[in-house]
Amino acid sequence: MNKIKTMIQMLLASLLLLSCGKEEPAVEYLEVTSNNISGEWKLVEWRGSALQEDTYFYIDLVRKDKEFTIYQNFDSMGDMPHKVTGNFNIETDVEKGAIIRGIYDYDEGYWSHEYEVNELTEVSMIWVATDDPLFVQKFVRVDTIPEDIKGAE
């Protein structure tokens, strides 16, 4: 009987050791600052769904002057890309956290939403519209925006 108890205890100890080794590494979220979000990003999910294959949206956020350039074909006729520029600002709301908002150049007005920036890592971030929690966008960092998109203004 003692041998059975010892074997059960050894089995349980082995299971505990094995389960400890399989922990997922903790995700390191970054503070949302213009420095940490600076760079080129590609929208990969919009309202919880992947973008259609022929649709794209890139945003280049420039820390120094808090400027942005967007390259997208969401609202274009056919394959014609659309480039817009402007300025962005990040503020911290006590309840909602980091909020990004932007204004377009050439009297085109403000972004249609302000966004809570969540889950910022070195490679991805989530934006949630402050006035519509179902309006969720996921971005991934890219090394560069493709030249054929940047050059087709």
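Predicted model: local features only at pLDDT ≥ 70, side-chain atom pairs only at ≥ 80, totals over all residues.
Residues are numbered from 1 along each chain as its sequence is written. Local features need pLDDT of at least 70, side-chain atom pairs count only at pLDDT 80 or more, and totals for chains, interfaces and linings use all residues, while side-chain values use heavy atoms, without hydrogens and water.

A search of the whole structure gave 10 aromatic pairs. Rings of Phe, Tyr and Trp (its six-membered ring) pair if their centres lie within 6.5 Å; planes under 30 degrees apart are stacked, over 60 edge-to-face, and the rest tilted. F68 and Y104 pair edge-to-face, at 5.8 Å centre to centre and 80 degrees between the planes. F68 lies in strand β4 and Y104 in strand β6, so the pair ties together parts 36 residues apart in sequence. Strands are DSSP runs of E (at least two residues) and helices runs of H or I (at least four), numbered from the N terminus. F68 is buried, at 1% relative accessibility. Y104 is partly exposed, at 23%. Buried means under 20% relative accessible area, exposed over 50%, and partly exposed in between (1.4 Å probe, protein chains only).

The count of salt bridges is 4. Each needs a side-chain nitrogen of Lys or Arg within 4 Å of a carboxyl oxygen of Asp or Glu. K150 and E40 form one at 3.7 Å, N to O. K150 lies in helix α3 and E40 in strand β1, so parts 110 residues apart in sequence are tied together. R101 bridges to E114 at 2.9 Å. Shared partners join E91, R101 and E114 into one network.
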